Amino acid sequence: MAALLFGVLTVSPASAQGSTRSAAELMDAVMWNREPIGGAFTLKDQTGKTRTDADFRGQFMLVYFGFTYCPDICPTDLQQIGLAMEQLGDDAKHVQPLFVTLDPERDTAEHLAQYVPLFHPRLLGLTGSDADIATAADAYRVYYKRVKTGDKPGDYTVDHSAFIYLVDRDGRYLGFFPPGTDAPRLVEMIRPHVRGSAER
C-alpha cells in the first residue's frame, strides 16, 4: 500500500522542505481516521484571487494535493476527478474540485492557469507561500517532501500522499478516496451525499 501512496524516500526530514511528520504516521491518521481532517486555509487561485475554505460553504469540496510536474499519479487522479465532474451531470454544480499544489515555487498562479483547465473547466488550482501550503497540508494530514534529483536548483521532485478528500457543504470532512480511484467510483460515492443533503 505504501508504495502506491508515496514515492521512494531518499532524503531525511531535516534536509527537505515539507512535512514534519513521517509518511507512515500521516497515512495512518488518514486511513484509520485517527485525527481530525480538514480545516481552514487561505491560498490564491490561478487568477490570483485569495480563496479560503469558507468561500466554498454550501458546496461539496473534492480536495487533492499534488504538483504540476508530477509525472503520473497527479495527472491520472486529476483526470479521474475531471471525468467524475462530467459524469455527475447536473449534480456537479454542487461540487467544487480543488487542486492544492505542494510545489509553490514552480506552481505559480500563472502556471496553474495553464495546467488546471486541462482536466476540467471548474477545477481550481490553489497556491501560496510555503507557510500557507504547510497549513493546508497539515490540516488534511498530507505527507510531502522535496527530493533533489540533480545539481541545479530546479532539479527536484516532491514525494507526497495522494488521497482525494471529500468535504461537505458545511466544511466537514466526509472521507477519502485512495489514489487511482476511477471516475465511476467517485461518482458512486459523491452523488448520494449531494442528493441526500439537498433533500434535507
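The largest nonpolar core of this predicted model has 54 residues, and those with the most contacts inside it are Val63, Phe65, Tyr140, Tyr165 and Ile190. Strand β3 gives the most to this core, with six residues. A nonpolar core is here a set of buried Ala, Val, Leu, Ile, Met, Phe, Trp, Tyr and Cys residues joined through side-chain atoms within 4.5 Å. Buried denotes under 20% relative accessible area, exposed denotes over 50%, and partly exposed lies in between, as computed with a 1.4 Å probe on protein chains only. Setting aside neighbours within four places in sequence, Ile190 is in contact (heavy atoms within 4.5 Å) with Leu62, Leu88, Val95, Leu166 and Phe177.

Residues are numbered from 1 along each chain as its sequence is written, and side-chain values use heavy atoms, with hydrogens and water left out. Since the model is predicted, local features need pLDDT of at least 70 and side-chain atom pairs count only at pLDDT 80 or more, whereas totals for chains, interfaces and linings use all residues. The pLDDT is the predictor's confidence in each residue, from 0 to 100. The chain averages a pLDDT of 91, and 90% of the residues score at least 70. Over residues 1–16, however, the pLDDT is below 50; this stretch has 28 contacts in the model beyond near neighbours in sequence.

The description now turns to the sheet. Seven strands form an open sheet in the order β2-β1-β5-β4-β3-β8-β9, with mixed pairing. Its edge strands are β2 and β9 (173–177), each of which pairs on one side only. Neighbouring strands of this sheet are turned by 35° against each other on average, direction ignored. Helices (H or I, at least four residues) and strands (E, at least two) are DSSP runs, numbered from the N terminus. Two strands are taken to pair if DSSP finds at least two bridges between them.

At one end of that order, β1 and β2 pair in the antiparallel sense over three bridges, and Leu43 has Arg51 in β2 as its bridge partner. The hairpin of these two strands has four residues between them, and Gly48 takes a positive phi near 95° there. β1 also pairs with strand β5 (residues 124–127) in the antiparallel sense, over two bridges; Asp45 stands opposite Leu126 in β5.

Helix α3 lies across β3, β4 and β8 (164–167), running at about 165° to β3. Axes are lines fitted to C-alpha atoms, for helices over the stretch in contact, and angles run from 0 to 180 degrees between N-to-C directions. Gln80 belongs to helix α3 and counts as buried at 15% relative accessibility. Apart from neighbours within four places in sequence, Gln80 is in contact with Thr181, Asp182, Ala183 and Leu186.

Phe56 and Arg169 are 113 residues apart along the chain, yet their C-alpha atoms are separated by 7.5 Å.

Finally, the UniProt annotation "binding site", from an unreviewed entry, covers Cys70, Cys74 and His160. These residues span 91 residues in sequence, but no two of their C-alpha atoms are more than 10.0 Å apart, so they gather at one spot. UniProt positions are given in the numbering used here, feature names are shortened, and annotations may be inferred rather than shown by experiment. Cys70 is placed in the loop between β3 and α3 (73–87) and counts as buried at 8% relative accessibility. Not counting residues up to four places away in sequence, Cys70 touches Pro75 and His160. His160 is found in strand β7 (residues 156–160) and is buried, with a relative accessible area of 6%.
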